[in-house]
Amino acid sequence: MIKRALGLFWVIIILYFIFVHPAIIYYSTVHYSDLANRSSSTAIFYLILSITLWTGIFLLALYMIYKYSFQAQRNIGYISKHGKKISAEIIESKTLGSISSKFERRSVIMEFDNLRGTTVWHTMEINDSKPAQKRFETGNTIYLWVDETFRKLPYIVLDGIQTRINYRLYVAWLMFAVLVTGYFLYAYSLENHRYGWRFMEIGHPLIVSPFVIYGIILLIWLIFFKLLGKGGGFIAGKDLLRLKFAGLKTMAKIVKTEQTGTYINENPQFRFTLEYADSSGKIHQVTLTRIVPLIKLQTIQQKEREIFYLQEDPENIAFAEDINSIA
């Protein structure tokens, strides 16, 4: 409940800065007395810029919805037929709540040997359509299908899964497009003062709001895929799953540990230089940067750490504790 409330709070804050704040600033400072002196060609440029920015947002949003609906559904069907089947034992199972009278949501922790024979843990949230059968109780065996190429999202599929498309996302996308289009028409009727689109300027919400959206997307990309990205303290879902389901486990010698000076939520970031031998005996030296929680600072004193690595990509590694701690 607290996590959901916190998520809703941040959604409201982000929406405020995207839509409400630019409008407050613009409409509290705008003057229309000089519309006759403004360049019509400049106004058309700003109009085209605004339409282009919003079109890019609509297309990106539509692609993401399609990727996680129709495309994911096709991929699930493919993985269920052509993927590698893995047997997993449920070592912990708990109910998260009921979705409806027929569906129960459960969190399941399972243990299994991955594609390379390495024992790992994996957490999965499951919508159980037949809770009376107790298929997902502790001690039971379930089966997973794995895309060995890790090219088809969602990469890992529960055996016997049934899928359906959530059309509400498409309805939300359509409503958003209608609202933005409606605002274009509303702004024109309210602000043109018989001078057409000459009221358009760089500070108009129709331009500022999409710029803010692009800025937020860029900020997220910089934080999670550059600052904290591969080797920076955050492992993208695909990279993590590849290491978990196709990685080999070995001990690595910590050659050097140094603090980078970066802090995330007051937790320091460290750069580890590790040396390990792969299954063929070849020695690799790899740099791994991770955020270390304050309660785990004592781990940086260790001389050796257990790691996972990919045989076909030995530079791609992760600490074993990170592999088993992330779903």
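## Aromatic rings

Which residues are linked into a cluster by ring pairs? In this predicted model, the cluster consists of Phe19, Trp54, Phe58, Trp173 and Phe176. A search of the whole structure finds 19 aromatic pairs. Tyrosine 16 and phenylalanine 17 form an edge-to-face pair, because their ring centres are 5.1 Å apart and their planes stand at 85°, where an angle over 60 degrees counts as edge-to-face.

Phenylalanine 19, a member of the ring cluster, is placed in helix H1, which covers residues 2-29. Its relative accessible area is 31%, and phenylalanine 19 is therefore partly exposed, given that this class lies between the limits of 20% for buried and 50% for exposed. Tyrosine 16 counts as partly exposed at 30% relative accessibility, and phenylalanine 17 counts as partly exposed at 45%.

## Helix H2: length and bend

Helix H2 runs over residues 40-82 and holds 43 residues, so that at 1.5 Å a residue a span of 63 Å should result. The C-alpha atoms at the ends of H2 are 59 Å apart, which agrees with that expectation. Along its course, H2 bends by about 45° at alanine 72.

Terms used. Residues are numbered from 1 along each chain as its sequence is written. This is a predicted model: local features need pLDDT of at least 70, side-chain atom pairs count only at pLDDT 80 or more; totals for chains, interfaces and linings use all residues. Side-chain values use heavy atoms; hydrogens and water are left out. Helices (H or I, at least four residues) and strands (E, at least two) are DSSP runs, numbered from the N terminus. The expected span of a helix is 1.5 Å times one less than its number of residues. The bend at a residue is the angle between axes fitted to the seven residues ending there and the seven starting there. Buried means under 20% relative accessible area, exposed over 50%, partly exposed in between (1.4 Å probe, protein chains only). Rings of Phe, Tyr and Trp (its six-membered ring) pair if their centres lie within 6.5 Å; planes under 30 degrees apart count as stacked, over 60 as edge-to-face and the rest as tilted.
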